[in-house]
Amino acid sequence: MKKITYFCFIINLGLSLGQNSLVYQLTYTDFDETHYDKCVRLLNGSHQIGCQSTNAGNVGVLHIIDSQKTKEDFFNKGYLKSYVTLVDASFFGKSIVQRFKASGKVQGVIVYEPDNFIVQPWSPELSCPGNRFGLYNSSSGSEYQNCNSGANQWNPTGDGLTEEDIPFPVFYLKNSTDRDRLINCTNTHNQDDTYPLCAVQMKSRMFGAVDSQTCTRRSNWQTSLTAEGYCDPIGGRNIVSSLQKLSTSSTVGTILVTAPIDSRSFMSSFTSPGSDLATGFITLLATSKALGNLNSADKSSLTKNIIFTLLEGEAFDNLGTTRMLYDMKNGNFPLEKDEKNKNSLPFPIKIDNITNVVEFRQLGNLADKLYAHYDPVSYSKNPTEIDQMVQQLNSTKTSITVANQPSNIGLVPSSLQTILREREIPGVVLTDYGKNFKNQRYFSRYDTLKNLGIKYNDSTSDDEVLLQLQPLAKKLTDVATMAAGILYKLASGKTTVPTDVKVESNLTAQLLYCYLYKANCSLFQKVLPTNQVSAVKLPNSPLPRYTSVYQGANTLTLPSGFASYLLVYFTGVSQPHLNQTTCVANASDQTSRYFYLSGPVYNSTTRNNTCVMSSTFDTAAVSPALQQNKFDKDSASTAGLWTESRWSKNAFKLTMFLQQDETSQGMVLLAGCIMLVLGFTSVYFVNSKANVLFRSTPPL
Amino acid sequence: MTLMVFFGCVFIAFGPSMAIFVFTVMKHPLRIILLVIGAFFWLLSLLFSALLWLAVVPLKQELAFSLVFSVIFQEAFRFALFKLLNKAESGLDEALTDEEKHSISGHKLPYVSGFGFGLMYGLFSIVNVLSSSIGPGNVGKSEHFFLISAFLTNCFILLHLFWNIIAFHALKHNSYYKAFLVLLCHMFTSCLSLLNLQQNTSFVAVLIDHVVLVVVALWAFFTVGGSFRNVKTSFSCQS
């Protein structure tokens, strides 16, 4: 027994040290974790989606699928028990993943881009996004309820892969060297199915399972001394900015201007810019600039207030809107109730205060027609106010005209749907499409600026990109001008708009550039508060806008953070008489905040720092049930119960090696057993005859 | 499924050693102590080889250099082990009972300590290989890498055992040339493993090493007083 224990100890030691040994390097080719994207596990109120491997990792023989023939051959002729398929990105989608699942012989999928890859129209989002907690049900607007049977499919290229529960890992190779290594190994060893075969091990172990409630409950059960959760709520911060200074005693009628700020993709953590949808909040920011140009007297003369909200987590069943409405209902909007400072807080905005809603969504593929969508059900009950909004929108003359809403469709997937579920408010959603998304790559990794027709590569200069952005920026600026016009008219009751309500199309181009091309840009640097400058490192790429895990109050993600500083910069009131110390200390109550922004460069190195006062806040955009760990019976029917599974530090692994067949492995074991038996018999014999064998003098 | 390879290799590398341990060492406490002493001395030789390797920076990449010095250190520590046990033997005469004395008398002492010496060598040489044999992959360049490593390990454990018997006997009877021959033999077999660096030549090393093993085993057999007649007798006794 002692020997066995000792032996086991040595083996364990060896196992832990073995990872870096020469033998390991001879056997395995590891791929750097940062060289590939991975699909992770997400949970909602009723399902688990995404991918995961077994604890030890999934192992399979590589098989390339790069044509219709190789694809069919794989399903019909592949006779091995476990494969990992190397799939050309043009063949990847929900249908092939479902066939992989059904075949039972696929242990993992690696997606690669071949040389000269042409991006196919494909969207991993559902063909009817936002339908799960949508506005329509069997009693109201039932003809718009089920988009797959009868009603309009908003996203025809969408196959809903994002919502698929996949029992094996899916990786995406970012690097052509890695791709070539895998393909070469496959071509060298796997042509004729004779061992050894080229195989890989894929590991992406996820902790979360079943659904959010189960996972949260498990996380809260302390079963071991080391506290370890299984999943975290998805969420962020909604940005709320008021045009007028909020009052502590009352709330006037309020016009809500909203746009989603987040994006999502199949490989969730590695979201592409989602350029088309992003144009929505970029136009909102431009609109806020146009209205922010109003002088203080004009602003305070408005009879209604205008509130800009940038909603986070909208890709997850309108998480941001759901939470905003919850907060409005509980009097926590835009700031949470606080009994101590009751008098200094802005008077809560309730949903009854909202008089109109204007929402910006996809605008990137705008031609010359802007669509102002509204809900046909509430329109049929009360058409006047919506008609008035559309008319006013049309009355501002720009290069864009407003098209009539196509008949027989419900309200487009939008935050407005969630708002209308709560209360019927006249509202429009501004989009570039009528019946179907013009964007054929909605929430796909290829939904970048290139998808909007901007051509660039590594050698393209920044000025060239800005120049190419001008036509799009012009159109978005026109939309912003139109929207600012209608908002001013709605808020003031007047029919003419002051001339200073306008925005330079150059600014819109800057916004597009900063959010969709390179975050390290002059506009972002300009609006960054001075106390953040050292902490924020701006990348030379777009900021990822996946909502991710809720970080708590006071933690803004970079995209939301900059949106909030931009709103402050655009709508706030400059306080030139205040310096850094007095600026931050200036707030007398909580209805407005003071920001000390970096400001523009005024000679080559120094920045002209400015103090700005603005009623800009950030509120939680996370499911209240998850935040408080309180689930009731109807939890599953509540929107926004999204969580992201946790994974350990070394959860992801991709390694390539040659695999022996089982016969030759069995031969090794057989050889071992023979050695064991031979050893035991011969030693037994020698030992029992030792007296005779080792006798120096022969017997008499 | 590669657990099959793992256990196959374990049985090949340590099967005979396990038999030796079970039948000849396990029941005698003193032999276990001697086994551990032998193992400890091999570890010491490893320590000094490693220190030398650390110290001589320019030759770190040269496998042949560290190999030659490692063999010299091992043989030096075998000599040290002999000196120590020789001293201890006379002292132990007073302390032990007759039965205990008998259990480590004569050639049993070099036999058990040599076994410990070899066993520690075996564990160290194959643990890395075994750890990767569990994993899903196979060593890319040589298909039979695991098998060869396992056979070589077994071979060297037994070689160390026999060398120890021969060397101790030679040192005791002051026939130093025999001890030197053991060192040469050790050096020769170890250097053969350099062949493993090239592909397809590793079989040669395995083959030659096993021939050497048979020769050394016979030598040791005759050293401890065996003869062909004894073998014959042992078979005839069975009937």
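**Helix packing, chain contact and backbone geometry**

Helices α3(B) and α5(B) are oblique to each other; angles under 35 degrees count as roughly parallel, over 145 as roughly antiparallel, 65 to 115 as roughly perpendicular and the rest as oblique. The model is a predicted one, in which local features need pLDDT of at least 70, side-chain atom pairs count only at pLDDT 80 or more, and totals for chains, interfaces and linings use all residues. Residues are numbered from 1 along each chain as its sequence is written, chains are lettered from A and ligands numbered from 1 in the order in which they are written, and side-chain values use heavy atoms, without hydrogens and water.

In chain B, α3 spans residues 63-95 and α5 spans residues 108-134. Helices (H or I, at least four residues) and strands (E, at least two) are DSSP runs, numbered from the N terminus. The α3(B)/α5(B) pair packs at about 140 degrees, and the axes are 12 Å apart. Axes are lines fitted to C-alpha atoms, for helices over the stretch in contact, and angles run from 0 to 180 degrees between N-to-C directions. The crossing of α3(B) and α5(B) is right-handed (the near helix is turned clockwise from the far one by less than a right angle; anticlockwise is left-handed). On the α3(B) side, the contact involves Gln74(B), Arg78(B), Leu81(B), Leu85(B) and Glu89(B). Their partners in α5(B) are Leu109(B), Ser113(B) and Phe117(B). Contact means heavy atoms within 4.5 Å. By class, this α3(B)/α5(B) contact holds 4 nonpolar, 2 polar and 2 charged residues. Ala, Val, Leu, Ile, Met, Phe, Trp, Tyr, Cys and Pro count as nonpolar, Asp, Glu, Lys and Arg as charged, and the others, Gly among them, as polar.

Helix α5(B) also packs against α6(B), residues 145-172. Here the axes come within 7 Å and cross at roughly 165 degrees. The two helices are therefore roughly antiparallel. The α5(B)/α6(B) crossing is right-handed. Its contact has 17 nonpolar and 11 polar residues, and no charged ones.

Helix α3(A), residues 68-77, packs with α4(A), residues 94-103, at about 20 degrees, with the axes 11 Å apart. That makes the two roughly parallel. The crossing of α3(A) and α4(A) is left-handed. Lys71(A), Glu72(A), Phe74(A) and Phe75(A) in α3(A) meet Ile96(A), Arg99(A), Phe100(A) and Ser103(A) in α4(A). These residues divide into 4 nonpolar, 1 polar and 3 charged.

Between the chains, 55 residues of chain B are in contact with 45 residues of chain A. The buried area is about 4400 Å², and carbon and sulfur atoms give 76% of it. Buried area is the accessible area (1.4 Å probe) that two parts lose on being put together, summed over both. On the chain B side, Met4(B), Phe23(B) and Pro136(B) lose the most area to chain A. Together they account for 14% of what that side buries.

Residues 6-25 of chain B are 100% helix and 0% strand, with end C-alpha atoms 26 Å apart. Residues 146-167 of chain B are also 100% helix and 0% strand, with a 31 Å end separation between C-alpha atoms.

Most residues other than glycine have a negative phi, and most peptide bonds are trans. In chain A, the bond from Tyr195(A) to Pro196(A) is cis, with omega near 0 degrees. Pro196(A) sits in the loop between α5 (176-189) and β10 (197-204) of chain A. A cis bond also joins Phe333(A) and Pro334(A), with omega about 0 degrees. Pro334(A) lies in the loop between α9 (319-329) and β15 (354-360) of chain A. Val210(A), not a glycine, has a positive phi, near 70 degrees. Val210(A) is in the loop between β10 and α6 (212-220) of chain A.
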